[in-house]
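Here is a short briefing to read alongside the sequence and the 3D view. Please keep both open as you go through the points.

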Number of protein chains: 2
Amino acid sequence: MARIVMKFGGTSVADIGRIRNVACHIKREVDAGHDVTVVVSAMAGTTNQLIAWTQEAAAVYDLREYDTVIASGEQITAGLLAIALQDIGINTRSWLGWQIPILTDNAHGSARITDIDGTTLIEGFKKGQVAVIAGFQGLAPDDRVATLGRGGSDTSAVAVAAAIKADRCDIYTDVDGVYTTDPRIEPKARRLSKVAFEEMLEMASLGAKVLQVRSVELAMVHKVRTFVRSSFAAPDAPGMEDSINPPGTLICDEEEIVEQQVVTGIAFAKDEAQISLRRLADKPGISAAIFDPLAEENINVDMIVQNISEHGAKTDMTFTVPSVDHDQAVKILEKNRKEIRYDVLQSESGLAKVSVIGIGMRSHAGVAATAFRALAEKGINIRAITTSEIKISILIDSAYTELAVRTLHAVYRLDKG
Amino acid sequence: MARIVMKFGGTSVADIGRIRNVACHIKREVDAGHDVTVVVSAMAGTTNQLIAWTQEAAAVYDLREYDTVIASGEQITAGLLAIALQDIGINTRSWLGWQIPILTDNAHGSARITDIDGTTLIEGFKKGQVAVIAGFQGLAPDDRVATLGRGGSDTSAVAVAAAIKADRCDIYTDVDGVYTTDPRIEPKARRLSKVAFEEMLEMASLGAKVLQVRSVELAMVHKVRTFVRSSFAAPDAPGMEDSINPPGTLICDEEEIVEQQVVTGIAFAKDEAQISLRRLADKPGISAAIFDPLAEENINVDMIVQNISEHGAKTDMTFTVPSVDHDQAVKILEKNRKEIRYDVLQSESGLAKVSVIGIGMRSHAGVAATAFRALAEKGINIRAITTSEIKISILIDSAYTELAVRTLHAVYRLDKG
């Protein structure tokens, strides 16, 4: 008997038929004798409709009111799922963020969970009661509803799992796990049975949209074993009765991964733009002068490369921003030209970042060299490189994205398991 | 300067354009220096969608979950209206039932308000803040969301008005007031400028759908002057700047109505069914034997007439139920035949109840006789009559409804003011 959190995303609860299907998945685990807590998203489309209304009501709006409006989506699903569960004989009730309460900070619109008291939920287990919790929402210090930002229901689920010391957090979604790369680009992509938290963090932040980054961070900190699986599989499909072996990917501590691969996956992000500042004075504070004004405008700077300029005591700085932010970033840098003191600003859109990820590369030499060689053989020009302990990111022309992903997927033999 | 509660119904907030229009109505009163509290319904259509989902999820459902789902409709409107108000410079915030809190009993699905502490709202006035309250909802003793039953936002508005000792509760709706009868049946129907609480109570319960019955009861008990007016009038239309004189109907204490009419209005309800039990033993407890089993099945019995049977010590009992409940009512009475001990059960659907209402009839003789004579002249057969101090109700064949309404409207000269 285990204690399980089951989280269902928007497409999994898109209509009443799917909500009934979700109820059957839950019943399966309850019948197996597990203690179950459920976290739900809004029905697919609901959140977008609510956001559209909010934006139509005013161009600039109070995020506390936005939260009040948006949080109703998960409230609706929680009540409906509780009704569907009761209809098949499950002892259950819905819980809203303020009822548990799930406490957050005051950053309305993208609040962070500060505390969840698991006592009430654990009491519920003793009464054989399944809690259906509205995800994505909590109670802020101002006693108002707060939401966690898009995809926040994953974070709710992991936080609840940590609070009740769950054995596992099952994330039911419209894909059946985490793949070595996007199967739409490389049909030979293979589902991973296990991924280390650190690897998943890199994949999530690099555009593998299975799990929200913050939820992976939280899972890593609290060591919440997180199992990504499909809610579209029939609840009684072969293997589903066993909670952990069916199709799905377990995101866990690296110690639990016995056969460590050197490279686990290839991630990519299109629509990147590159900005280079040439012949900067190489002195302390220069990075802050560049990046502070960009941060103030919420422009997310990603790859940063600094190297010696060809002109002696000067330096060159190259970094990437999302393509949509390119024009504004350039405008900000030109406005601050006097403070930054660069000679030339060069920029280009239409780039892509391809990343090789694997916790095993920490102890293996030559991983990067293999990538560079493989890309060179295909005639793909590398514009910039950044590396971390478990990741190599390469900036290329966007037109070569698919070729680069397939080349790297093959060279690390990711189709072979 | 007055303290005003402004309530806006579902059609008044049906889309963002109308919500903006509502914001302008509110701004007009704020600019005039009034202390304003707002109560809103769900956007037209939302509640029906939510109820449909609930019913699709299970045929029989937990009303606590139903409440959680349904209450989200008003939550959405409250947040959106607050955003629209802030956009035109009004200091405001939304309040949900549990935040104020509006306390209710535990009768989920049709809860009654037990207490509203007006302190927080009155504090808000001191800060120049307009409260936008989600109507129709409150917090039950089980710490869960409760709803007040359909049309409950009117009740929320009147209860809030009582709690903050408002000078007036303005009910903005899709009609511009209370008429002497339904203008779709009698084009000469005239808008009443003032109606006494007791009269409105009879009109509401008799099918004039302007205000929910419970809200009128509450207004009468707490003497909340309630002003029914149109939200579709332009916020700056002639007369609207003056809070009380524009088109609209004030529902108030009869003492405030200087020129009392004998008859104020003609109400009607179609789709009534009549059930007669013949030759009942005329002994104590017989009414309970008939009506208790009907009440247990929530069948709403209306006109009840008992008279001596043509057969000596026996009695006849006639009453009406809504047509939709006819079959079930007959089935229940047949099942309880032994306990009730009647000789014959006769029933008929397709009837209508037409009522003459007027607080002035308490002190005027002959009002009923006038009605009977007028209907007789048109050849309309009267099947049953019940009277109260301020109302005469007449049961007729449904086909004569319009004729009866027009005849009575004319005979009491209601088109003349």
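B:Ile392 lies in strand E18 of chain B, which covers residues 391–397 (strands are DSSP runs of E with at least two residues, helices runs of H or I with at least four, numbered from the N terminus). This is a predicted model, in which local features need pLDDT of at least 70 and side-chain atom pairs count only at pLDDT 80 or more, while totals for chains, interfaces and linings use all residues. Residues are numbered from 1 along each chain as its sequence is written, and side-chain values use heavy atoms, leaving out hydrogens and water.

**Around B:Ile392**
- B:Ile392 is buried, at a relative accessible area of 3% (buried means under 20%, with a 1.4 Å probe and protein chains only).
- Beyond its neighbours within four places in sequence, B:Ile392 is in contact with residues including B:Val354, B:Met361, B:Phe372 and B:Thr386 (contact means heavy atoms within 4.5 Å).
- From the C-alpha atom of B:Ile392 to that of B:Ile116, 276 residues apart along the chain, the separation is 37 Å.

**Where chain B meets chain A**
- In this interface, 35 residues of chain B are in contact with 36 residues of chain A.
- Elements giving two or more residues to chain B's side include helix H1 (16–31), helix H2 (46–57) and strand E3 (92–95) of chain B.
- H4(B) supplies the largest share of that side, 10 residues.

Technical notes
Chains are lettered from A and ligands numbered from 1 in the order in which they are written. Buried means under 20% relative accessible area, exposed over 50%, partly exposed in between (1.4 Å probe, protein chains only).
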